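Me: I would like to go through this model term by term, asking what stands behind each label. Please set each value against its definition before you conclude.

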Amino acid sequence: MSLRALTMKASTRPLVMLGMRQAPIGARYMSTPAPQDPKEKASSILSALPGNSALSKTGILATSAAAAVYAISNELYVINDETILLATFSGFVAIAVKFLAPAYKDYADARVKQVSDVLNASRTKHVDAVKQRIDSVSELQSVSDTTKVLFDVSKETVELEAKAFELKQKVDLASEAKSVLDSWVRYEASVRQLQQQQLAETVIKKVTSELSNSKFQDKVLQQSVADVEKLFASLK
Amino acid sequence: MIAKRCLSTLIPPKIVSAKNLGSAPNAQRISQVVQFYKSLPQGAAPAYKPSGPIGKYKAKYFDGDNASGKPLLHLALFVLGMGYSMEYYFHLRHHKGGAEH
Amino acid sequence: MLNLLNTYINSPLDQFEIRVFLGFVSPFFDLSCLSFTTFSLYALIVFIVIVGGLNLLTTNNDKIVGSRWYVSQEAMYDTILNMVKGQIGGKYWGYYFPLVYTFFIFIFTANLISMIPYSFALSAHLVFVVSLSTIIWLGATITGLYKHGLIFFSLFVPTGTPLALVPLLVLIELLSYFARAISLGLRLSANIIAGHLLLLILGGLVLSLMSVSYIYFIFGFIPLAAILAILCLEFAIAVIQSYVWSILTSSYLKDALYLH
């Protein structure tokens, strides 16, 4: 049936019907927990539309409403069974946008964050490993100086050891010479002692042999008498 | 005691050498890493510039933080519009004004 | 006032009608299989959506970290991968994953696009879907015969059967094995057909109800909400049926590859 028929129908419809229409709408309003401010509602509808200024948004809204009315009145849009499905599909889309989309957004953001966290963590770990390697290598940067010092030390060690060896040899030589000389001294001393002993022995032996000689005894006696006389003479 | 000293005791300990440097556990990996970094392009990555209508659409609705469900809505609207116009062309226009076939 | 609807009787089956856009009329050979029809158009849309929309556009410019779109593809891929790994398992599951994933993504997308009003349900066409399932069944059977030779027929004798029961069981098993070819496609197609028919019939009823008067228009929102609930259910069925198809395909392939 065309719109003409409908408008005729609507005009012939008793006004009571229109009055009764208010009741279910009122009931619906009561069912909502907090009735929204109509202005707020309007602005929330406007903000959901694309465009920048409120004017263009209201323009879009008005244009689409007018287009819908035009399409329906000219039967460009023919209402049939699918229209109901279109309405329910719009309801499903609204539900999906309101509940499904934020839930999915949270899930996807968590997943993206998880992946980026893993990648960032591995990057910092990698940077740390490289830095650690650089540190461990840079500890060895003064290695040639150290090695040179070490070589100097061992050179000095060798020199000192050589000097010590030389001195030690000198000391050894001196002590050996001293011991040789000492032994010589000891030998000389013993030889002299031996000679003196022999001399004394020969003298004693000669004296004893002389003593047994009577001539000598006489000579000694005379000598002794002479000494005694001399003594007495001197005593006088 | 001194005679026992060998020449080797005079040579200072080897602190480092090319081999010594390379014998660290991760040295091989590090050299590979260095090779890898050498082959990488230097500097900041070139900014991606969308080209063409599809590229711009992709940049607006698919890439990075711009990712949104709007393409699904666009697809639904497209299929809906196409489906309705086909329905209208084949079917509905013949029934305008409640006319039978 | 709301009596804008047409008074002619619409068949709810009209929505599955295939119209020819570009037909081939040839005198000797029937080339109508080459015609570009509604079916081809929607198959093309599904193809573009899968390849262009889901794969090419969601790559996030090949960055390592994907976008939110990429996550959806990743999740679907992961789900099917784990399912195929669990169902087929063994050594060969990787060879058959691309096949199962292709089936899943195609049926998934086709089912969801068919939920848009004024759209067209590809998977509601029994001749297409049952052919597809028969091809899968036939392919699985050929694979099994190629792989195991005559031992393949041990699939029809459950282990530990008394010898006396073997002929009966072989008959039953053979029947159930042949039924797979049809049941796989019938399950999907019947679900989709039933869903779309139910929605359209209910839509027609609600439209008639709402166009009676203003009061009925207002009260008509109650069954409308019920249709909305059924629509949500149909969306769930659209997703679940594509998953079920993939599971059953994997399970048939497993039977052919490993014989129990």
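Me: At which residue does H5(C) bend, and by how many degrees?

Reply: H5(C) bends at C:Arg180, by about 40 degrees. A bend at a residue is the angle between two axes, one fitted to the seven residues ending there and the other to the seven starting there. The model is a predicted one, in which local features need pLDDT of at least 70, side-chain atom pairs count only at pLDDT 80 or more, and totals for chains, interfaces and linings use all residues. Residues are numbered from 1 along each chain as its sequence is written, while chains are lettered from A and ligands numbered from 1 in the order in which they are written.

Me: How do you know that the end-to-end distance of helix H5 of chain C agrees with its number of residues?

Reply: The expected span of a helix is 1.5 Å times one less than its number of residues. Helix H5 (residues 166–210) of chain C has 45 residues and should therefore span 66 Å, and its end C-alpha atoms are 62 Å apart, which agrees. The helices themselves are DSSP runs (H or I, at least four residues; strands are E, at least two), numbered from the N terminus.

Me: Why is C:Tyr243 called partly exposed?

Reply: A residue is buried if 20 or more other C-beta atoms lie within 10 Å of its own, exposed if 12 or fewer, and partly exposed in between, with the C-beta atoms placed from the backbone. C:Tyr243 has 15 other C-beta atoms within 10 Å, so it is partly exposed. C:Tyr243 sits in helix H7 (residues 221–258) of chain C, and its C-alpha atom is separated by 19 Å from that of C:Ala43, 200 residues apart along the chain.

Me: What makes C:Leu205 buried, exposed or partly exposed?

Reply: C:Leu205, which lies in helix H5 of chain C, has 15 C-beta neighbours inside 10 Å and therefore counts as partly exposed. Between C:Leu205 and C:Pro223, 18 residues apart in sequence, the C-alpha to C-alpha distance is 9.3 Å.

Me: Why does C:Asn60 count as buried, and why does C:Asp62 count as exposed?

Reply: C:Asn60 counts as buried because it has 21 C-beta neighbours inside 10 Å. C:Asp62 has 7 C-beta neighbours inside 10 Å and so counts as exposed. C:Asn60 is in the loop between helix H1 (38–56) and H2 of chain C, and C:Asp62 is found in the loop between H1 and H2 of chain C. Neither is a glycine, yet phi is positive in C:Asn60, at about 55 degrees, and in C:Asp62, at about 60 degrees.

Me: Why are H2(C) and H3(C) called oblique to each other?

Reply: Axes are lines fitted to C-alpha atoms, for helices over the stretch in contact, and angles run from 0 to 180 degrees between N-to-C directions. Angles under 35 degrees count as roughly parallel, over 145 as roughly antiparallel, 65 to 115 as roughly perpendicular and the rest as oblique. The axes of helix H2 (residues 68–87) and helix H3 (residues 93–114) of chain C come within 9 Å and cross at roughly 130 degrees, and the two helices are therefore oblique to each other. Residues are in contact if their C-beta atoms, placed from the backbone, lie within 7 Å; among them are C:Tyr77 and C:Leu81 in H2(C), and C:Trp93 and C:Phe97 in H3(C).

Me: What makes H4(C) roughly parallel to H7(C)?

Reply: Helix H4 (residues 126–148) of chain C packs against H7(C) at an angle of about 20 degrees, with the axes 8 Å apart, and that makes H4(C) roughly parallel to H7(C). The residues making the contact include C:Trp137 and C:Gly144 of H4(C), and C:Tyr252 and C:Leu253 of H7(C).

Me: What share of chain A and of chain B is buried?

Reply: In chain A, buried residues make up 5% of the 236 residues, and in chain B they make up 9% of the 101 residues. Chain A has seven helices and zero strands, and chain B has four helices and zero strands.

Technical notes
Contact = placed C-beta atoms within 7 Å.
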